[in-house]
Amino acid sequence: MFVDRIRVFAQAGNGGRGSVSFRREKFVPKGGPDGGDGGRGGDVILRADRHVDNLSNLFYEPIIKAKNGGHGMGKKMHGRSAPPKIVRVPVGSIVWQAEENKESEHRTPNTERPPLNSEESKIDFVVDLTHEDEEFVLCRGGAGGKGNVHFKSSRNRAPRQYTEGEEGEQGHFLLELRTIADAGLVGYPNAGKSTLLRKISAARPKVAAYPFTTLHPIIGVVEFPGYRRATIADIPGLIEGAHRGLGLGHEFLRHITRCRILLFVIDVAGSESRNPIEDLQKLRREIDLYDPTLSKRPWYIIANKMDLPATRENLQALQDRFSTVEIAAVSAQTGEGVEELIAKLEKWLAKASQPIAVAKRDPISLGN
Ligand SMILES: Nc1nc2c(ncn2[C@@H]2O[C@H](COP(=O)(O)OP(=O)(O)OP(=O)(O)O)[C@@H](O)[C@H]2O)c(=O)[nH]1
Ligand SMILES: [Mg+2]
């Protein structure tokens, strides 16, 4: 299962209670207070892990709780501090604070898009985990209470006071994954995006001759000569009207909003009586309707299926129509032109601006 948006409830552990206890020993009458402090409650920590590729673990555990600290004990013994509850999330996870919700909603996790318009709902940006192994304390555990040993004074030699542990923080949050990759593949279903990703990386997305084979984003790593590498995101095919929810909709475009460059994969053979130029125009329009900043991202054309007949003329027509755009002509199936594509990709990425990684604080400007 692939989950890229989810609502969770998180609760850090409470601190343990301080202890009320008196020293009792042979030959030490009235030994004085010796109640120790409570232990700290566990924190709830999010950790960005590159081995986690979506938020499905939270689908099964939408209520995240850390343990409470242990209570203090006699002989000035401290209660045990609870370990943090560490939740591994994919790199590229963004967290927003959500409004409190009805209890029942925790049980049926909502994987739908949370409203990102601040008028619809007051949600505040919390954190954007963009780096591997980055950690964030989502809810801090409560401090332990004080034992009665702290309350003795010259006038009160047998104090019975203690304090409760502090409550751990808690809250409702929305988590959303926006994949971080260097380049994103955009194209109609069956254009050959996944075939291409298999060719240029070790990723193994499913390939088949029917539309919407790819149902969720997949990241592949392309290796350039000299140990440089780049990540490429393959997303489900886009069709005209995606912004109205046709096909798989434009839900998955969020996974290329952080790509530095966009690669439009076009079936230049015009299989299934498609017109390559029209395809490209429609794709450009769809991403613009989704997010105008996305259509300003540097973009290139990958003319695919060059092994099929009639592709030379179509390629020429495509190049004439988009004369300012660089094109790489390949056959993802036979591997023709793929070496050259990789060389171009390295050049295109070198030209592109630095990684577009960090989400702005304002969820509205995030392009949804
Ligand atoms: N002849 C030829 N067929 C290709 C080429 N690339 C892909 N195909 C075929 O086109 C079909 C679709 O390929 P996919 O890689 O699944 O296409 P996709 O763009 O990932 O499609 P979705 O995941 O549905 O969006 C498959 O039958 C592939 O074998 C190519 O260069 N030449
Ligand atoms: Mg695919």
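**Entry 1: helix α3**

I began with helix α3, whose buried residues are K193, S194, T195, L196, L197, R198 and I200. I took helices as DSSP runs of H or I with at least four residues and strands as runs of E with at least two, both numbered from the N terminus. I counted a residue as buried if 20 or more other C-beta atoms lie within 10 Å of its own, as exposed if 12 or fewer do, and as partly exposed in between, with C-beta atoms placed from the backbone. Seven of the eight residues of α3 are buried, so the helix is largely enclosed by the rest of the structure. I then looked up what these buried residues pack against, and found β9 (183-187), β10, β11 (229-234), β12 (261-267), β13 and α6 (338-351). A contact here is two residues whose C-beta atoms, placed from the backbone, lie within 7 Å.

**Entry 2: source and confidence**

I note that this is a predicted model, in which local features need pLDDT of at least 70, side-chain atom pairs count only at pLDDT 80 or more, and totals for chains, interfaces and linings use all residues. Residues are numbered from 1 along each chain as its sequence is written, while chains are lettered from A and ligands numbered from 1 in the order in which they are written.

pLDDT is the predictor's confidence in each residue, from 0 to 100. The chain averages 88, and 90% of the residues score at least 70. Over residues 102-121 the pLDDT stays under 50, and the model has 31 contacts beyond four places in sequence for them. Residues 361-368 also have a pLDDT below 50, with 19 contacts in the model beyond near neighbours in sequence. Where pLDDT is low, the predicted coordinates should not be read in detail.

**Entry 3: the chain as a whole**

I found six helices and 14 strands in the chain. Of its 368 residues, 46% count as buried. Among contacts with a separation of 6 or more, 76% are between residues 24 or more positions apart.

**Entry 4: around ligand 1**

Which residues are closest to ligand 1? I listed G192, S194, T195, T214 and G237 as the closest of the 24 that surround ligand 1. To be near, a residue needs its C-beta atom, placed from the backbone, within 6 Å of the molecule. Helix α3 (residues 193-200) gives the most to this shell, with three residues. By class I read ten nonpolar, eleven polar and three charged residues. Nonpolar means Ala, Val, Leu, Ile, Met, Phe, Trp, Tyr, Cys and Pro, charged means Asp, Glu, Lys and Arg, and the others, Gly among them, are polar.

**Entry 5: the three-stranded sheet**

I traced an open sheet of three strands in the order β4-β2-β7, with mixed pairing. Two strands pair if DSSP finds at least two bridges between them. The edge strands are β4 and β7, each pairing on one side only. The twist averages 30° from one strand to the next; axes are lines fitted to C-alpha atoms, for helices over the stretch in contact, and angles run from 0 to 180 degrees between N-to-C directions.

Strand β2 (residues 44-49) runs parallel to β4 (residues 85-90), joined by six bridges. A48 stands opposite V89 in β4. With β7 (residues 135-139), β2 pairs in the antiparallel sense over four bridges. There I found R47 opposite E135 and V44 opposite C139.

**Entry 6: the five-stranded sheet**

Another open sheet has five strands in the order β3-β1-β8-β5-β6, and its pairing is mixed. Its edge strands, β3 (63-65) and β6 (124-129), each pair on one side only. Strand β1 (residues 5-11) and β3 run parallel and are joined by three bridges. I64 in β3 is the bridge partner of A10.

**Entry 7: positive phi**

Most residues other than glycine have a negative phi, and most peptide bonds are trans. I looked up two residues against this background. F212 is not a glycine, yet has a positive phi of about 60°. F212 sits in the loop between α3 and β10 (218-223). F212 is partly exposed, with 13 other C-beta atoms within 10 Å.

A310 is not a glycine either, and has a positive phi of about 70°. The loop that holds A310 lies between β13 (299-304) and α5 (311-321). A310 counts as exposed, with 10 C-beta neighbours inside 10 Å.
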